[in-house]
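Please look over the structure shown here. The report below walks through some of its strands, helices and contacts.

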Amino acid sequence: MIEISHLSKRYGPLTAVDDLSFTVQAGEVLGFLGPNGAGKSTTMKMITGFLAPTSGSVRVCGHDVESAPLAAKSCMGYLPEGAPLYAEMSVRAFLEFIADVRGLEGERRRARLDDVVARLGLQSVLEQVIETLSKGYKRRVGLAQALLHDPQVLILDEPTDGLDPNQKHEVRELISAMSKDKIIVISTHILEEVEAVCSRAIIIAQGRILADDTPKALARRAPSGKLEDAFRQITLHGGAKLKEAVNA
Amino acid sequence: MRNTLVLFRREFASYFATPLALVFIVIFLAFAGLFTFFLGGFYERGQADLQPFFNYHPWLYLFLMPALSMRLWAEERKSGTIELLMTLPITPWQAVIGKYLAAWAVAGLALVLTFPTWITVNYLGDPDNGAILAAYIGSFLVAGGLLAIGACFSAATRNQVIAFIVTVVACFLFLLSGFSLVLNAFQGWAPQPVIDAVASLSFLTHFAAIAKGVIDIRDLLYFATVIAVWLAATAIVLDLKKAD
């Protein structure tokens, strides 16, 4: 379970995340939507303990991310935006390194490594240096790294960004297959993706929650019944309303 | 401890995954030899010791150690892997120490590879091998101190060139703080205890003391303190500037 209460992040006068509160239960796939600069990545960075919040708190699997960072980080897998990887390492060496840090040993280690390599189709590039991989493969290595310790909570920041349609489809299948007993939070711009994999969608803009509902219910808010129209209606309209509220 | 070792191994291997470690070691060995035999007049002195060899180490380190340390954190920032690293279940201290030790180990390896010089002097004469060992330890400690300074400046920027230049300047001041060039800036206005304190910060004076063959606990303590303080500063800088 992820519990976020009154989470805020300010950079000087700029408020990136403004008093965010929500909880995510096991079995939910939460799509985090919003225009660029809405605070999606910043929120994810705070959930995973990379950034310290200005105020508020995040609890993951019952552990406070700030006061018990190691326990919280142990039960999370994280794919940061852009899937950064150690470019000079081979795929195998990189995954072995992650397995070392995650404390995987013996039989379970082998089984987990085999599992992610098979799931993400990395067998053919295992000995290749990450630098030389295509964008799609890099993204897959990033996902493999996040899945390696079979975490209860998965935080994926734009997991399908830069992938071709086939790869996007594969990643969505992967997310759906894992979603049963896990908590998965993904951020994305691609609305069809939300409809395909998410059981719940939160739309944020300017650091605030504008809508929190199932993708179907959100789509119904637009006269056309399309999620895309609903998104535009909510973010453009809601954004304007927010501005009015701030100015008043 | 286990995590520190894991991070150390990754970092050490990554030095050798690129030509960096190799270039570093070759240049270090070439210049160490050049300085010893030409500038230092190893043969002309007619003495069976390695003083001309060790005398130039701090000056060689002044440019080589910043080259080794500049990538430690700046590269993690530039490539974004710092986000990956800091969201793994490790403490910031484990990361700071593991990465730092890897750089220090590369420097130590370069130092060990100068052993032919040691064999030469033993072949030619009958040197005081105890003093030579002490000087090796002293040289290794100077390298460690400079790398700790470099780690801190590398953590402060995502640009390796800036990390390099600022580190060279800082290392230069630390090396020379016992000399009139730096002390003159304090003379006349600072009280004597301050001047003494600044003078006692010099890497060179402490290195010279050890290189004579006397390993004084105070000199060891000095280097241990310098390294600890700069690594603590590294951890603080990382914590303050995580986002950019």
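## A strand between two partners

Gly31(A) stands opposite Ile186(A) in strand E8 of chain A. This model is predicted: local features need pLDDT of at least 70, side-chain atom pairs count only at pLDDT 80 or more, and totals for chains, interfaces and linings use all residues. Residues are numbered from 1 along each chain as its sequence is written, while chains are lettered from A and ligands numbered from 1 in the order in which they are written.

Some terms first. Helices (H or I, at least four residues) and strands (E, at least two) are DSSP runs, numbered from the N terminus. Two strands pair if DSSP finds at least two bridges between them.

| Partner of E3(A) | Residues | Bridges | Bridge pair |
|---|---|---|---|
| E9(A) | 200-205 | four | Phe32(A) with Ile202(A) |

Is E3(A) enclosed or open? Five of the five residues of E3(A), residues 29-33, are buried, so the strand is largely enclosed by the rest of the structure. A residue is buried if 20 or more other C-beta atoms lie within 10 Å of its own, exposed if 12 or fewer, and partly exposed in between; the C-beta atoms are placed from the backbone. Val29(A), Gly31(A) and Leu33(A) point one way from E3(A). Leu30(A) and Phe32(A) point the other way.

## An open sheet in chain A

Four strands of chain A form an open sheet with antiparallel pairing, in the order E2-E1-E4-E5. E2 (14-24) and E5 (63-64) of chain A stand at the edges with a single partner strand each, so one side of each is left without a neighbour in the sheet. E1(A), residues 2-11, and E4(A), residues 55-60, pair over five bridges. Ser8(A) stands opposite Ser55(A) in E4(A).

Helix H1(A), residues 40-47, lies across E1, E2 and E4 of chain A. H1(A) runs at about 120° to E1(A). Axes are lines fitted to C-alpha atoms, for helices over the stretch in contact, and angles run from 0 to 180 degrees between N-to-C directions.

## Where the chains touch

The contact between the chains takes 19 residues from chain A and 18 residues from chain B. Two residues are in contact if their C-beta atoms, placed from the backbone, lie within 7 Å. On the chain A side, helices H2 (69-74) and H3 (91-101) of chain A give two or more residues.

## Chain B

Chain B has 15 helices and zero strands. Its C-alpha atoms fill a box of roughly 60 × 50 × 30 Å, taken along the principal axes. Buried residues make up 43% of the 244 residues in chain B.

Just after H6(B), Gly80(B) takes a positive phi of about 85°.

The axes of H5(B) and H11(B) come within 9 Å and cross at roughly 145°. Among the residues that make this contact are Leu62(B) and Phe63(B) of H5(B), and Phe164(B) and Val168(B) of H11(B). The contact residues divide into eleven nonpolar, two polar and no charged. Ala, Val, Leu, Ile, Met, Phe, Trp, Tyr, Cys and Pro count as nonpolar, Asp, Glu, Lys and Arg as charged, and the others, Gly among them, as polar.
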